[in-house]
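Please keep the sequence and the coordinates at hand.

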Amino acid sequence: MEIWPGKPFPLGSVYDGFGTNFSLFSEKAEQAELCLFDESGKETRISLSEVTGYCWHGYLPGVGPGQRYSYRIQGPWAPDEGKRCNPNKLLLDPYAKAIEGRVEWNQAVFPYRFGENEDIAENTDSAPFVPKSIVINPFFDWGDDHHLRYPLNETVIYEAHVKGLTAWHPDIPESIRGTYTALIHPVMLDYFSRLGITALEIMPIHQFIHDEHLLKKGLRNYWGYNSIGYFAPHNEYASTGQSGQQVQEFKQMVKVLHDAHIEVILDVVYNHTAEGNHLGPVLSFKGIDNEAYYRLEQKDKRYYTDYTGTGNSLNMAHPHVLQLIMDSLRYWIQEMHIDGFRFDLAATLARQLHDVDRLSAFFDLIQQDPVVSQAKLIAEPWDVGIGGYQVGNFPPLWSEWNGKYRDCIRDFWRGQDQTLAEFAYRFTGSSDLYENTSRRPFASINFITAHDGFTLNDLVSYNDKHNDANGEGNSDGESFNRSWNCGHEGPTEDENILYLRKKQKRNFLSTLLLSQGVPMILGGDESGRTQQGNNNAYCQDNEISWYDWGETDEDLFDFCARLIKFRKDHPVLRRKGWFQGRPIHGSKVDDIEWFTPDGAVMSDEDWDVGFAKSIGIFLNGDGIASLDDRGNRIRDDSFYLLINAHYEPLTFSLPSQKWGKAWDAVFDTKDGIFREESRPLHAGEDIEVEERSLIVLKRGT
């Protein structure tokens, strides 16, 4: 086969309409072989003789989209020195834009023979048992598609799973359920539109691997936090079996969602790969340049440093690893039109040596990159290593999953003592975490539930996890969930308990969508989805995790949709800047104020009352300091919130006329009804607030 010298950059395989350029980085390689496969699996090996800056490259005229390929690396095998080259192991291109097939768990995919010395190389050819890289067609008609760039303070995020969202939907053709195409079926677009979300955050779609131990138990890696290809959309979510077509299908999904005014945020896993520890398989990075790609234990380099609990951690101190990640991020933004990213275990990305350093090279690169710095950047601000909990410590461009918000709001509504003061911080955007780093309330991604843990329905239905289906003796998953079953564990026919659970769900959703910051709703919470008490459904690619469209709570959906619209209609609920807690110029009324149930302004002593679980909150629509896009001052209605997390009803007195002469009811979580008209309430008037409920009032004219 004819081969031309080609170019070292860009890395990966790039088709130009005439042929394909191939380039692979490996500092440890003594020889790199490009391996081409035909449809029957016959392999043709081509030595890449051109090497530029440790990039092995060549150009093959006539080779185009659909071509299956991978690499073999000849080089040193010395595990105790961190070197694991073995030409018998077929290796995926780290820059592959598409991947075909899956791992067949055979002795051949591992670096050593079972039951023998782990330092002795396993030399069985792994090609029949591993997926192959695919040359893609890079051309796609985007039309006038563009990034929507909604401001974060106007964003409402919906976290969902590509497959689980539609796998069980009766109104979507069975042949496309659980795919990228199903996600943009008209029934789904209508659902998203009625709900009112602005961004769809989809769980990992980088090509990932199903762990052997899960498959043996009849389970699968449903969540997908086991990446092996950082440029490739996961092939199992494609509705067509044609090689490489998952890329075109994914692009079409993004294009249609943008046309429906919905941004797309990817949950990305750049902290570790699917190759595991020293006992794990050799699929790509290990065999290409183990020392470059992974953090190794300096005292014995046969072992991997593990900050993630998955066996390995990517080596963020190596320039080619940083390049890989930055190239991947730019690719998804520029070529796939993605609007933002949520970084799994992001604290690991900040580890240059051992300590978490928020000024690490990775964050410096993000800061100066003209493309990536403009995307929505969301950190899961923790990992499992020492010092890994870093909520509030990420750089100014970043927003963070606010775990403290989740914990506080859960504790508050289940009636824990000593939560009121922290509730005030969390409700107003967590200034204690973000204000001192020049960030604003939208640095806080507020959430009550996420994929990892109970659903909202289960949060109010179970005190304990019920993970037996995972096959680990119910030992996996978080044991301290800050949940409350409302008096009975699991399903019940007790009407009083069911009423309380529905009210608690409305309380949580109301608090989330009335709080400053960016609300994130776990997909299905708006309709009452349950996982039957499983709080770690990472391996449940079945009815436990899939959305049951036949059991949708329409009343809860309607309430959630009204809440989202209410938030969108009122900028006082999604301020760009912090509350100042002081009078507005020319007024004696503060931008926000806090009241005891008897209508008096909260004193320092009131905040210190540990058992207090009830509060009134005044939000001043005339106290929004920021300007709109045309430089005009933003004005809104003013609201008074009456919040009672106590287990008994309480009588609240409305504050003096200084704060408002008359008030109209908007909604009450005791019934979830938004009221178009109601009898006005007046300053000083008493109003009973049911136990564990929340009332929103709007100041009359």
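This is a predicted model: local features need pLDDT of at least 70, side-chain atom pairs count only at pLDDT 80 or more; totals for chains, interfaces and linings use all residues.

Setting aside neighbours within four places in sequence, Asn470 is in contact with Lys217, Leu219, Asp476, Asn534, Asn536, Tyr538, Cys539 and Gln540. Asn470 belongs to the loop between helix H11 (456-459) and helix H12 (495-514). Is Asn470 buried or exposed? With a relative accessible area of 0%, Asn470 is buried, because the limit for that class is under 20%. Two of the residues around Asn470 are also its polar partners through side chains. The side chain of Asp476 makes a polar contact of 2.7 Å with that of Asn470, and the side chain of Asn534 makes another at 3.1 Å.

In soluble globular proteins, nonpolar side chains tend to be buried together. Here the largest nonpolar core comprises 167 residues, and Tyr158, Phe250, Phe341, Phe343 and Phe362 have the most contacts inside it. Helix H6 (residues 319-334) contributes the most to this core, namely 9 residues. Another core, of 18 residues, lies apart from it and includes Leu152, Ile378, Ile445 and Ala450. The surroundings of Phe343 can be listed in detail: beyond its neighbours within four places in sequence, Phe343 is in contact with Val268, Tyr270, Leu329, Leu349, Phe362, Leu377, Ile378, Ala379, Glu380 and Trp398.

The strands supply a further level of organisation. Strands of a sheet pair through backbone hydrogen bonds, either parallel or antiparallel. In this model, 8 strands close into a barrel in the order S12-S13-S16-S17-S18-S19-S20-S21, with parallel pairing. From one strand to the next, the twist averages 25 degrees. Strand S12 (residues 157-160) pairs with S21 in the parallel sense over 3 bridges, and Ile157 has Met520 as its bridge partner in S21.

Side chains of opposite charge can pair when their charged atoms come close. How many salt bridges does the model contain? The count comes to 41 salt bridges. One of them joins the side chains of Lys163 and Asp541, at 2.9 Å from N to O. This pair links distant parts of the chain, 378 residues apart: Lys163 is in helix H1 (residues 162-166), whereas Asp541 is in the loop between strand S21 (518-522) and helix H13 (554-569). Lys163 is partly exposed, with a relative accessible area of 21%, while Asp541 is buried at 13%.

Asp190 and Arg194 meet at 3.1 Å, N to O, and both lie in helix H2 (residues 186-195), 4 residues apart, about one turn of the helix. Asp190 is partly exposed, with a relative accessible area of 40%, and Arg194 is likewise partly exposed, at 42%.

Glu236 forms a salt bridge with Arg220, their closest N and O atoms being 3.0 Å apart. Glu236 lies in the loop between strand S15 (227-233) and helix H4 (245-259), and Arg220 in the loop between helix H3 (212-216) and S15, so the bridge ties together parts that are 16 residues apart in sequence. Glu236 is partly exposed, with a relative accessible area of 32%, and Arg220 also counts as partly exposed, at 21% relative accessibility. Elsewhere, salt bridges that share partners join Lys28, Glu81, Lys83, Glu291 and Lys301 into one network.

Methods:
Residues are numbered from 1 along each chain as its sequence is written. Side-chain values use heavy atoms; hydrogens and water are left out. Helices (H or I, at least four residues) and strands (E, at least two) are DSSP runs, numbered from the N terminus. Buried means under 20% relative accessible area, exposed over 50%, partly exposed in between (1.4 Å probe, protein chains only). A polar contact is a pair of N or O atoms within 3.5 Å; within protein, one must be able to donate a hydrogen and the other to accept it, and residues adjacent in sequence count only if both atoms are side-chain atoms. Contact means heavy atoms within 4.5 Å. A nonpolar core is a set of buried Ala, Val, Leu, Ile, Met, Phe, Trp, Tyr and Cys residues joined through side-chain atoms within 4.5 Å. A salt bridge is a side-chain nitrogen of Lys or Arg within 4 Å of a carboxyl oxygen of Asp or Glu. Two strands pair if DSSP finds at least two bridges between them. Axes are lines fitted to C-alpha atoms, for helices over the stretch in contact, and angles run from 0 to 180 degrees between N-to-C directions.
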